[in-house]
Amino acid sequence: MRRIKFGMIGGGEGAFIGAVHRHAAALDGQYELVCGAFSRDAQNNARTGDLLGVNSERLYSSWEMMLEAEARLPEHERMQVVVIVTPNHLHVPISIAAINAGYHVFCEKPAGVGLEQVISLADTIATSDRLYGLAHTYLGYPMVWQARQMIENGDLGNIRKVYVEYPQGWLSANEETHNKQAAWRTDPALSGGSGCMGDIGTHAFGLVEFVLSDIISELCGELYTHVEGRRLDDDGAALIKTANGATGVLIASQVCAGEENPLKIRVYGDKGGVEWRQMEPNSLTYRPLGAPFQVIRAGQGQAGLYNEALDRCRTPGGHPEGYLEAMANLYNDFAKAIRAGESGKATGVPGVDAGLRGMAFIDAILESSSSDTKWINVNNAGAK
């Protein structure tokens, strides 16, 4: 099989997430980076392309030029997938243009900066035969799939309670004055109406809906900005209710000094509970009612794992797999979908529906935080 050719928009020297995408795409040998518009800064763009071994003739000064120039190449040479790792405000314009130009799209989350904007993207995808994937990386972990399948198969019984939290500490000080990544993430023109909740709150929200195979239908939330002069929220929390009757709490913060990325979810039903921690991703704690708790471990050949989890394990038990492998699982499933001729949503990969849900969440928590109304309905856009 020939490798799938991709081009990257954004992710130049000094960026973080672009390198993660490149490493993940390379892990299974399914992809080949053939072109890029890595930075609007010409020197940065050139240095990045040189470092990555991209032919200088396929380094482009703008994403518009890249889409147009690649389309003129013979089919066996041109890129097939556009990977978007820009600030949020460009996600939808580039995605729509790329799909209309005949390319598949794999985009960093969130899908955009507003629900109506992402609805327009969904409409474009619906009338196309192209694929769209959204990089909700944590949904690539094997033990997240194990938790989901345990719940779907009734191992926990009727789901009653869910707690999800994502505390970070990297924005505890005024980082935006000297850190490029902090600067755009706290700029409403580039990031959208929410800072912390748009950046990591959407991960927590998406994790709940994925693991429960349920939607958050209502929330009562508050947003806070702790660092003086910051223009977007850096902290927040919400009480949540799901369509199937579970209740819970969602917390996200980027001012928890000293914290790294300890995303955690706990789910409880009337027969037991499970707990998964992103910083110990190979373990899923299972607490059956009336019996000793168990620690279920990831790994090829491990007993007790559902096939959906086993399919995403790469090494024998006891060999750590982490963040890069989780994203690589998404890229791997995206490649399978391309080769199978799928359209719209790739099997196993979050798609535009997940993007719509994230936007609905952001809109609801912004409204709730600024309103005296206790509970706000979460728009059912993207709900299945």
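**Entry 1: Met8**

I began with Met8. Leaving aside neighbours within four places in sequence, I found Met8 in contact (heavy atoms within 4.5 Å) with Gly18, His21, Arg22, Leu33, Cys35, Gly36, Ala37, Phe38, Met66, Val83 and Val85. I note that this is a predicted model, where local features need pLDDT of at least 70, side-chain atom pairs count only at pLDDT 80 or more, and totals for chains, interfaces and linings use all residues. Residues are numbered from 1 along each chain as its sequence is written, and side-chain values use heavy atoms, with hydrogens and water left out.

Met8 lies in strand E1. For elements I use DSSP runs, numbered from the N terminus: helices are H or I with at least four residues, strands are E with at least two. Is Met8 buried or exposed? Met8 has 0% relative accessibility and counts as buried. My cut-offs are under 20% relative accessible area for buried, over 50% for exposed, and partly exposed in between, with a 1.4 Å probe and protein chains only. I also checked Val82: Met8 and Val82 are 74 residues apart in sequence, yet 5.9 Å apart in space, C-alpha to C-alpha.

**Entry 2: helix H4**

Next I looked at H4, residues 91–100. How many of its residues are buried? I count 7 of 10, so the helix is mostly covered. The buried ones are His91, Val92, Ile94, Ser95, Ile96, Ala98 and Ile99. What covers them includes strand E1 (4–10), helix H3 (63–71), strand E3 (81–85), strand E4 (104–108), helix H5 (115–126) and strand E5 (132–135). H4 is followed by Gly102, which has a positive phi near 100 degrees.

I then took H4 against H5. They pack at an angle of about 10 degrees, and their axes are 10 Å apart. Axes are lines fitted to C-alpha atoms, for helices over the stretch in contact, and angles run from 0 to 180 degrees between N-to-C directions. That makes H4 roughly parallel to H5. The angle classes are under 35 degrees for roughly parallel, over 145 for roughly antiparallel, 65 to 115 for roughly perpendicular, and oblique for the rest. From H4, the residues Val92, Pro93, Ser95, Ile96, Ile99 and Asn100 meet Gln117, Val118, Ser120, Leu121, Thr124 and Ile125 of H5. Nonpolar covers Ala, Val, Leu, Ile, Met, Phe, Trp, Tyr, Cys and Pro; charged covers Asp, Glu, Lys and Arg; the others, Gly among them, are polar.

How do H1 and H11 lie to each other? The axes of H1 (residues 17–26) and H11 (residues 323–340) come within 8 Å and cross at roughly 65 degrees. H1 and H11 are therefore roughly perpendicular. On the H1 side I noted Ile17, Val20, His21, His23, Ala24 and Ala25; they meet Tyr323, Leu324, Met327, Ala328 and Tyr331 in H11. This contact divides into 9 nonpolar, 2 polar and no charged residues.

The axes of H6 (residues 142–152) and H9 (residues 196–212) come within 7 Å and cross at roughly 45 degrees. That makes H6 oblique to H9. Val144, Trp145, Ala147, Arg148 and Ile151 of H6 make the contact with Leu207, Phe210, Val211 and Leu212 of H9. I count 8 nonpolar, no polar and 1 charged residues there.

Gln149 is in H6. At 7% relative accessibility, Gln149 counts as buried. Not counting residues up to four places away in sequence, Gln149 touches Tyr306 and Glu308.

Asn282 sits in the loop between strand E11 (272–277) and strand E12 (283–288). Asn282 is buried too, with a relative accessible area of 8%. With the four-place limit in sequence again applied, Asn282 touches Met143, Ile296, Arg297, Ala298, His319, Pro320 and Glu321.

**Entry 3: cysteines**

How many disulfides are there? I found 0, taking a disulfide as a pair of cysteine sulfur atoms within 2.5 Å. The sulfur of Cys196 is 8.5 Å from the closest cysteine sulfur, in Cys256, so it is too far for a bond. Cys196 is buried at 0% relative accessibility. Cys313 is buried as well, at 6%.

**Entry 4: backbone**

A cis peptide bond joins Lys109 and Pro110, with omega about -5 degrees. Pro110 is in the loop between E4 and H5.

Ser213 has a positive phi, near 50 degrees, in a residue other than glycine. Ser213 lies in the loop between H9 and strand E7 (216–224). At 34% relative accessibility, Ser213 counts as partly exposed.
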